[in-house]
Amino acid sequence: MNNALAILTHAIRMLLHEPGTTLRVIAPALLGVLASVIAAAILVPDALIAIQSTPDTFVAPAPSSAMLLLFLSIAGLIGYALMAILWHRYVLINGADEGGHIKAGFSVLLGYLWRAIILALVQFLIAIPVGIAIAVFGGMGAAMSGGLTMFLVVGVLAGIFFIWVALRLSVVLPAAALGQTMRITESWQVTATISNALWGVAVLLALMNLVISLISNAILPDGIGMSVIMQTLIFIIEGLVFISVLTTLYGHLVEGRSLD
């Protein structure tokens, strides 16, 4: 657990050491993400309400609203990927690229997005047997205990497992941000030496996300627009920590940097 704490502490310390610099580095992408969300809240509130509604209250949005929401969502995801690239590059090039951190060009963004899509596909394929296991074992546990406790336990364990797998596979992302080629299998091999520590990191990240989720649910405003903006800010915070963890892993495992 000491190694897990060292990894997570290092990642968070990089973000908080100079908050002004952190914001300045990711500002172009951050503004793009927020602009997409604000535009969605203003232009297609009916589509946002439909997404967050229950089956009983679902009302299909107009096709034009759905298409515009899809476009804005893609723009937001691209902005999120750009935010990750900016942070990876700033840290791994020792800050020397600040102010010119898009030098690698559009090809880096495309390479990063392509690897992120492949990782999402791999995670989806892994989720199929895991989902079946959750249904089987969770159902058996619920039948024996007469409640949903086992479903919750199995669900939490599955969430930790998915975070662990993501940490093992996603070192390819900071490599892509630097314009380098790394296969997913190479990421798995590189992280093998600290695979046990990454279980601890996965547990800590899961706990952190749970606490943030509980706090956010208590303070989320009722209006759909402000609620979506607040949820996006929370997602950005959680995402930045994960991005910084990946940056830490790449620097430590590939470049031999110390965690001190």
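This is a short chat about a predicted model of a protein chain.

Colleague: What should I know before I start?

Modeller: This is a predicted model, where local features need pLDDT of at least 70, side-chain atom pairs count only at pLDDT 80 or more, and totals for chains, interfaces and linings use all residues. Residues are numbered from 1 along each chain as its sequence is written, and side-chain values use heavy atoms, with hydrogens and water left out.

Colleague: How many helices and strands does the protein chain have?

Modeller: It has 10 helices and zero strands. Both are DSSP runs numbered from the N terminus: helices are H or I with at least four residues, strands are E with at least two.

Colleague: And how much of the chain is buried?

Modeller: Of its 260 residues, 41% are buried. Buried means under 20% relative accessible area, exposed means over 50%, and partly exposed is in between (1.4 Å probe, protein chains only).

Colleague: Let's pick a helix. Which residues of α3 are buried?

Modeller: A47, L48 and A50 are buried in helix α3, which covers residues 45–52. Down the axis of α3, the buried residues fall within an arc of 160°, so they line one face of the helix. That arc is taken from the directions from the helix axis to the C-beta atoms.

Colleague: What do they pack against?

Modeller: The buried residues of α3 pack against α2 (19–43), α4 (63–92) and α10 (224–254).

Colleague: New topic: S187. Where is it?

Modeller: S187 is in helix α8, residues 184–190. S187 is buried, with a relative accessible area of 0%.

Colleague: Which residues does S187 touch?

Modeller: Leaving out residues up to four places away in sequence, S187 touches R168, L169, S170, V171, V172 and M182. Contact means heavy atoms within 4.5 Å.

Colleague: What does its side chain reach?

Modeller: The side chain of S187 reaches the backbone nitrogen of V171 at 3.2 Å. A polar atom of that side chain also lies 2.7 Å from the backbone oxygen of R168.

Colleague: Where does L125 sit, and is it buried or partly exposed?

Modeller: L125 sits in helix α5, residues 106–145. L125 is partly exposed, with a relative accessible area of 48%.

Key:
A polar contact is a pair of N or O atoms within 3.5 Å; within protein, one must be able to donate a hydrogen and the other to accept it, and residues adjacent in sequence count only if both atoms are side-chain atoms.
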